[in-house]
Amino acid sequence: MKHILISLVLTLFGINIAVAASGDASAGKTKAATCAACHGANGIGAADNFPNLAGQHADYIVKQLKAFKNGDRNDALMAPMAAGLPEQDMADVAAYFASLPRDGASPEAAATDTGSPATAAPAAYVPDPAAGKSLYELGDASRSIAACIDCHGKEGHSEVLIYPNLANQHPEYIAKQLHNFKNKARTNYAMNQFAGAMTEDDIADMAAYFADPAAVAHIKSRKVAPSAAITDEVIAGKAKAATCAACHGNDGNSPVAIYPKLAGQNAQYLVKQLQEFKSGARKDPVMAPMAAALSDQDMQEIASYFAAQKLVTADLPSSDIGKKIYFGGDVSIKGKVTACVACHGVNGKGMPNAGFPAIAGQNEAYLKAQLLKFKQGQRDNDYNTMMQSVTSSLSASDIDELAKYMAAMK
Ligand code: HEC
Ligand code: HEC
Ligand code: HEC
Ligand code: HEC
């Protein structure tokens, strides 16, 4: 996939780049002279605590500079640097650093790499880069840690502009930021949750992985086995889901296009929907009586069962227009629609912890019906009217193209 320009107002991540000035890399080169002391003339940080900026997404750099300037992100060194930068300068230096090669090997960096922190602290735990890789690629559902790869890309080469590249970053800096997200010194809706659930050992493993991803490239990632409690729920849920099979299929792969597939859907999201069909917060004459008969425990068990089933997808024709809108690249509706990717993810798997459903491979007719219902206010059980506001500026044909694109996503 090509890098996709996301220049919309991404409220979830607090990204406001709709009016970002476009940067001039050559002007930026001159203006970046003051940054070189720490971030290197080639964008490779001069020491472990200075992050590499070479090849980072320009929008991400601008967003961070604004955050340092307005105090959303705190750092004693960066605050004064950012405070003095007008927006145009931010855009220019960002364009300059973004233009540099991400892996720009720096001879000075090697020469200054003397004080290895490994010698400073007594190593009670020997970090395991293969464990870091597993967590990076598969996450750990039992602890609600999303797979980092879904946002930050393979080995940290992120394909979506709102997600920073982690590849070729100093491992010490990665560990430091994970700590910052964990203790909320740095705030980001998504990262605070994931880092918050990581242990000190996880963070050390992750940093060890980024020290040299190639070293463990040959090791296959290991999935964490689901906890016994979850397994019990799945077994109990299977029996209780028998009444749902007529419409949603035995394994949650509804054969009929108007019935949603439930296979592989996030359990939390499923529970929320069932509760709301029951309470009437989500209105549907077919589902209301089905949900009315279920206790909270039934709902939890059935949801665990469907979440554990494999989603069956087919090779369907996709939509380029739908893809553009999904990733926020449609200029005609720029600024009005928050890119779907911000919440439903690069692969359409949603974000379980945030209650954002998976939409990849869902039945097209169902997707279309839901988008129309949100647009017309017939479905209004979305937190903060997230989906109602997103769909309000979509035309009927935008909705058709989006449904086609999402149904074909794998
Ligand atoms: C005195 C050293 C120093 C100078 C000079 C400096 N920085 Fe930084 N910069 C840092 C440190 C330290 C951090 C990491 C802060 C943290 O840990 O959160 C940082 C972080 C950043 C980040 C965030 C990177 C990321 O991956 O999130 C950006 C962007 C940045 N600096 C841009 C600049 C620019 C542009 C300049 C020049 C105008 C500059 N810096 C000058 C020390 C410096
Ligand atoms: C749902 C998408 C998503 C997932 C999954 C995700 N991240 Fe992030 N990550 C982000 C965003 C967005 C930011 C930028 C936050 C900001 O703007 O300050 C970020 C920032 C970071 C940073 C700081 C980078 C820098 O240059 O300062 C690190 C390190 C990081 N993530 C590591 C991880 C790890 C490790 C995982 C898996 C356990 C992970 N992320 C999972 C979205 C995600
Ligand atoms: C007679 C057919 C039928 C049966 C039986 C049925 N459903 Fe449904 N289900 C539907 C329809 C139709 C919808 C879509 C409602 C809408 O348009 O909002 C739906 C939607 C759902 C949703 C929302 C999915 C999403 O992606 O938001 C869940 C969850 C669900 N059903 C669970 C169940 C469970 C659990 C059972 C068994 C206890 C069940 N259903 C039995 C027809 C059925
Ligand atoms: C700010 C976050 C956010 C953004 C941006 C967003 N969504 Fe959603 N979406 C949600 C949430 C939350 C729900 C579930 C609402 C609920 O609890 O019923 C949802 C539900 C949906 C559903 C219904 C899924 C189902 O199984 O019933 C579809 C389809 C959907 N979104 C498509 C999109 C499309 C297309 C876009 C971009 C045009 C988009 N979303 C942008 C948060 C978001």
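1. Among contacts in the protein chain between residues at least 6 apart in sequence, 72% join residues at least 24 apart; two residues are in contact when their C-beta atoms, placed from the backbone, lie within 7 Å. The model is a predicted one, in which local features need pLDDT of at least 70 and side-chain atom pairs count only at pLDDT 80 or more, while totals for chains, interfaces and linings use all residues. Residues are numbered from 1 along each chain as its sequence is written, and chains are lettered from A and ligands numbered from 1 in the order in which they are written.

2. Overall composition. The protein chain contains 21 helices and two strands. Helices (H or I, at least four residues) and strands (E, at least two) are DSSP runs numbered from the N terminus. Of the 410 residues of the chain, 45% count as buried. A residue is buried if 20 or more other C-beta atoms lie within 10 Å of its own, exposed if 12 or fewer, and partly exposed in between, with C-beta atoms placed from the backbone.

3. Nonpolar cores. A nonpolar core is a set of buried Ala, Val, Leu, Ile, Met, Phe, Trp, Tyr and Cys residues joined through C-beta atoms within 7 Å. The largest such core has 81 residues, of which Ile61, Ala94, Phe97, Met206 and Met406 touch the most other members. Helix H5 (residues 87–99) provides the largest share of this core, eight residues. A second, separate core holds 19 residues, among them Ala241, Phe277, Tyr305 and Phe306. In soluble globular proteins, nonpolar side chains tend to be buried together. Leaving aside residues up to four places away in sequence, Met406 touches Gly348, Ile359, Ala360, Gln362 and Leu367.

4. Surroundings of ligand 1. A residue is near a molecule if its C-beta atom, placed from the backbone, lies within 6 Å of it. Ligand 1 is surrounded by 21 residues, and the closest are Cys35, Cys38, Gln64, Asp75 and Leu77. Helix H2 (36–39), helix H3 (58–70) and helix H4 (78–83) are the elements that give two or more residues to this shell. The shell around ligand 1 comprises 15 nonpolar, four polar and two charged residues. Here Ala, Val, Leu, Ile, Met, Phe, Trp, Tyr, Cys and Pro count as nonpolar, Asp, Glu, Lys and Arg as charged, and the others, Gly among them, as polar.

5. Surroundings of ligand 2. Around ligand 2 there are 23 residues, with Ala146, Cys148, Cys151, Gln177 and Asn188 the closest. At least two residues of the shell come from each of helix H8 (149–152), helix H9 (171–182) and helix H10 (189–197). The shell around ligand 2 divides into 18 nonpolar, three polar and two charged residues.

6. Surroundings of ligand 4. The shell around ligand 4 has 24 residues, the closest being Thr338, Cys340, Cys343, Asp382 and Met386. Two or more residues are given by each of helix H18 (341–344), helix H19 (364–376) and helix H20 (386–392). By class, the shell around ligand 4 holds 17 nonpolar, five polar and two charged residues. Cys340 lies in the loop between helix H17 (320–326) and H18. Cys340 counts as buried because 21 other C-beta atoms lie within 10 Å. Cys340 and Met387 are 47 residues apart in sequence and 9.6 Å apart in space, C-alpha to C-alpha.

7. Helix H7 and its partner. The axes of helix H7 (residues 129–138) and helix H11 (residues 200–211) come within 7 Å and cross at roughly 100 degrees. H7 is therefore roughly perpendicular to H11, a term for angles of 65 to 115 degrees. Axes are lines fitted to C-alpha atoms, for helices over the stretch in contact, and angles run from 0 to 180 degrees between N-to-C directions. Residues making the contact include Leu135 and Tyr136 of H7 and Met206 and Tyr209 of H11. The contact divides into eight nonpolar, one polar and three charged residues. H7 is mostly covered, with seven of its 10 residues buried, and these buried residues pack against H8 and H11.

8. Backbone points to check. Most residues other than glycine have a negative phi. Glu155, in the loop between H8 and H9, has a positive phi near 50 degrees. Thr385, in the loop between H19 and H20, has a positive phi near 45 degrees. Glu155 counts as partly exposed because it has 18 C-beta neighbours inside 10 Å, and Thr385 counts as partly exposed because it has 13.

Notes. Parallel < 35°, antiparallel > 145°, perpendicular 65-115°, else oblique.
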